[in-house]
Amino acid sequence: MTNETWGEVRENLVSAVGKNNYVNWIEPLELAGLEGGVATFFVPTTFMGTWVSRNFGDDIQKVLIKAGEPVSRIEFSVPNQKEPSSKSVKQEVEAQPAPESLAKPSAIVGGEELPGAPLDSRFTFDSFVVGKPNELAHAAARRVSEGGSVTFNPLFLYGGVGLGKTHLMHAIAWELRTRSPGLRVVYLSAEQFMYRFVQALRDKDMIAFKQLFRSVDVLMIDDVQFIAGKDATQEEFFHTFNALVDQNKQIIVSSDRAPTEIDGIEDRIVSRLQSGLVVDLHPTNYELRLGILQQKVELFSEQFPNLEIQDGVLEFLAHRISTNVRVLEGALMRLFAFGSLVGREITMELTQDCLADVIRASDRKITVEEIQRKVSDHYNIRLSDLIGPKRVRTFARPRQVAMYLSKQMTTRSLPEIGRRFGGRDHTTVMHGVRKIEELMQHDSQIADDLEMLRRALEA
Ligand code: ADP
Ligand code: MG
């Protein structure tokens, strides 16, 4: 594909991204090259590359694939920089640059090219923040990445969009390749698997296809739900799967839902998929989101060294954006971009302006009264006891929980909260909030209660 044909292809993006975005972000892209499944675009600034990649990368990839280009990754580079153009945007935002030898896009072992997709060098274990919702998936991924004897096969990771499935898979692949450089580790999406398969059929090259896939040591298939309803691809996947399991080779599969919930997949495949270890990534909780934000801020601050963030902004974001991590990252990215454009500290006010749309989407004003009702239901006590003067533990603890949640989830001040709890003093509220913060650290029952209540309130 040349830059001219790209000029035509890109017009298909107008409807996906909207006219404004198209003019601002897509039109300025110049196709620099297309090789080995990697499409490279020239962009005027590194920031623009990062931005486009985050926001429109998937859409661009889709139109390229539709136009007949088997693109598995998109890269951006800024021409005429001091550095060679291979210093891509991606590398500038990555946490810990992978060693040069690992950053090569395709896996070449012994001169023979393996059929995998390139790995994103940002997706490592180091950059993966572990919290309660993902600790099991993380532990399983770690275990598999140590190599050695295969204990569960396959490892099946599932969870909603943007919760870190792809990140974990890439992390496993990086780790395995670092530990055992000779190992044939192949990562690809189910869609790419199908594409390869169809291509092999068309080229009457099935034997080579089979040989290639049966000769890998570790096979990772991302987003396996994609093969639902695609019978021939399923059939081939099943045979590949069985052949590898028979040879005791590790298989890792991800999906957006549990094996039994994927419609349009044959029963024998479902039962195969379940035969190893099935672990899910739960929706993020507040602590995990805050942890991720703090980590990203550290990364971004290399790119935006003069930018200051006011206390409370990250906490605010972690509360307000409870969808997926990708949205969270995008929001932070936009905030940094905005902050650096206007050249001043990122305050709460700036945050609310700049992210109005994202916040509005997950916005629902929660009231102290609502919190009190939910908490008294949860602990099975009367609302009047929750608010009233009795100081026995059965009422006092739920009361402190409700105070804590009121402080966290509403914009009410301590005196205002105190007033709603039977006219208590603001120091009493503060004491309650502190008490719960302290308890949360080692009392997992309280931590679970809070998480449940918070989810119920946010729902
Ligand atoms: P999925 O494949 O589940 O849809 P991804 O693995 O693509 O999600 O994750 C989406 C984005 O969120 C990626 O940029 C990823 O690095 C980031 N992300 C998700 N979970 C975490 C985590 N626990 N720590 C750090 N980054 C995360
Ligand atoms: Mg994914």
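Residues are numbered from 1 along each chain as its sequence is written, and chains are lettered from A and ligands numbered from 1 in the order in which they are written. In this predicted model, local features need pLDDT of at least 70, side-chain atom pairs count only at pLDDT 80 or more, and totals for chains, interfaces and linings use all residues, while side-chain values use heavy atoms, with hydrogens and water left out.

**Domains**

Colour the chain by domain: domain 1 (3-90), domain 2 (100-280), domain 3 (286-362) and domain 4 (368-458), with bounds from an automatic or database domain assignment. Next, select domain 2 and domain 3, whose C-alpha centres lie 33 Å apart. Ten residues from domain 2 and seven residues from domain 3 take part in the contact (heavy atoms within 4.5 Å). The two domains bury about 640 Å² between them, 64% of it on carbon and sulfur atoms; buried area is the accessible area (1.4 Å probe) that two parts lose on being put together, summed over both. On the domain 2 side, display V129, V161 and G162, which lose the most area to domain 3 and together account for 61% of what that side buries.

**Ligand 1**

Centre the view on ligand 1 and show the 18 residues that surround it (a heavy atom within 4 Å). The closest are V129, G162, K165, T166 and H167.

- from a backbone N or O atom of V129 to a nitrogen atom of the ligand, 2.8 Å;
- from a backbone N or O atom of G164 to an oxygen atom of the ligand, 3.1 Å;
- from a polar side-chain atom of H167 to an oxygen atom of the ligand, 2.7 Å.

The protein covers 94% of the 560 Å² of accessible area that ligand 1 has on its own (Shrake-Rupley method, 1.4 Å probe). Now highlight α7 (165-179), α12 (286-303) and α14 (325-342), the elements that give two or more residues to this shell; helices (H or I, at least four residues) and strands (E, at least two) are DSSP runs numbered from the N terminus. Domain 2 and domain 3 each supply at least three residues to the shell.

**Two loops**

Select P154, in the loop between α6 (135-145) and β6 (155-159). The peptide bond from N153 to P154 is cis, with omega near 0°. Finally, go to K204, in the loop between α8 (190-202) and α9 (206-214). K204 has a positive phi of about 50°, although it is not a glycine.

Terms used: A polar contact is a pair of N or O atoms within 3.5 Å; within protein, one must be able to donate a hydrogen and the other to accept it, and residues adjacent in sequence count only if both atoms are side-chain atoms.
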